[in-house]
Amino acid sequence: LYAGIAGAVSASIAHRVVGYVRTELCLLAVACVLVFCNLLHIVMPLKMVGVLVIMVYRIFIKDVLLCLFVYSILLCAFSMAIFVMFQKSDFPKELNANRMDFEAFPGASFLQLAWNSLGDGYVDMNLLIQNSQTPSLALVLQLVWVVLSEVLLLNLLIAMMSRTFDDDNRDAHRIWIFPFAHQVLRYEKRH
């Protein structure tokens, strides 16, 4: 973690010398996040905070990454289906106003579905459905995607996180004492 902070700060200094202000600010933002993550690591010996930090870490590693893996597979599958379905369609100019060509660029349908699952109407889906080769199949795909991504996967993620939290809360002392002991031994080894 210290190496990441030092690397981000020294790279931002190098970018300041060269004159890339935007890149410098991005690197400093990453360094700020790493510094506060280090702060969480430092206060981990306090049992009340340490248990929560370990729980959040375990929830992220165990549950969120698994759901993101399943989500990315489904996102790729549905976006490729929509990309294939919109081939050789006559698109009105309103669809390409945001410079996304749904017929030539598969990433456009990928972005559309990703923004849709976050609750944002990136592009008016009705316009896309009406201008596809088979509007009924496009509507079914859109409805299945909404149900899968916004209802089932989100509820699955909440249930998995709840289960991990309950399991870790029952064994709070056990999950906290070993990282605490490791940190104490590491500090004693230095002196």
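Is Leu-28 buried, partly exposed or exposed, and what is its relative accessibility? In this predicted model, Leu-28 counts as partly exposed because its relative accessibility is 30%, a value between the limits of 20% for buried and 50% for exposed residues. Leu-28 is found in helix H2.

Confidence in the model was considered next. The protein chain has an average pLDDT of 83, and 88% of the residues score at least 70. Among the elements of the chain, helix H3 has the highest confidence, with a mean of 90. Helix H5, which spans residues 125–130, has the lowest, with a mean of 72. Where pLDDT is low, the predicted coordinates should not be read in detail.

The greatest contribution comes from H1, which supplies four residues.

Three aromatic pairs were counted. In one of them, the rings of Tyr-71 and Trp-145 lie 5.7 Å apart, centre to centre. The angle between their planes is 45°, and the pair is tilted. Tyr-71 is located in helix H3 (residues 47–85) and Trp-145 in helix H6 (residues 135–170), so this contact ties together parts of the chain that are 74 residues apart in sequence. Tyr-71 counts as buried because its relative accessibility is 19%, which falls under the cut-off of 20%. Trp-145 is likewise buried, with a relative accessible area of 1%.

Trp-145 also pairs with Phe-78. The centres of these two rings are 5.4 Å apart and their planes meet at 50°, so this pair is tilted as well. Phe-78 lies in helix H3 and Trp-145 in helix H6, and the pair thus links distant parts of the chain, 67 residues apart. Both Phe-78 and Trp-145 are buried. Through ring pairs, Tyr-71, Phe-78 and Trp-145 are linked into a cluster.

Key. Residues are numbered from 1 along each chain as its sequence is written. This is a predicted model: local features need pLDDT of at least 70, side-chain atom pairs count only at pLDDT 80 or more; totals for chains, interfaces and linings use all residues. Side-chain values use heavy atoms; hydrogens and water are left out. Rings of Phe, Tyr and Trp (its six-membered ring) pair if their centres lie within 6.5 Å; planes under 30 degrees apart count as stacked, over 60 as edge-to-face and the rest as tilted. Helices (H or I, at least four residues) and strands (E, at least two) are DSSP runs, numbered from the N terminus. Buried means under 20% relative accessible area, exposed over 50%, partly exposed in between (1.4 Å probe, protein chains only). pLDDT is the predictor's confidence in each residue, from 0 to 100.
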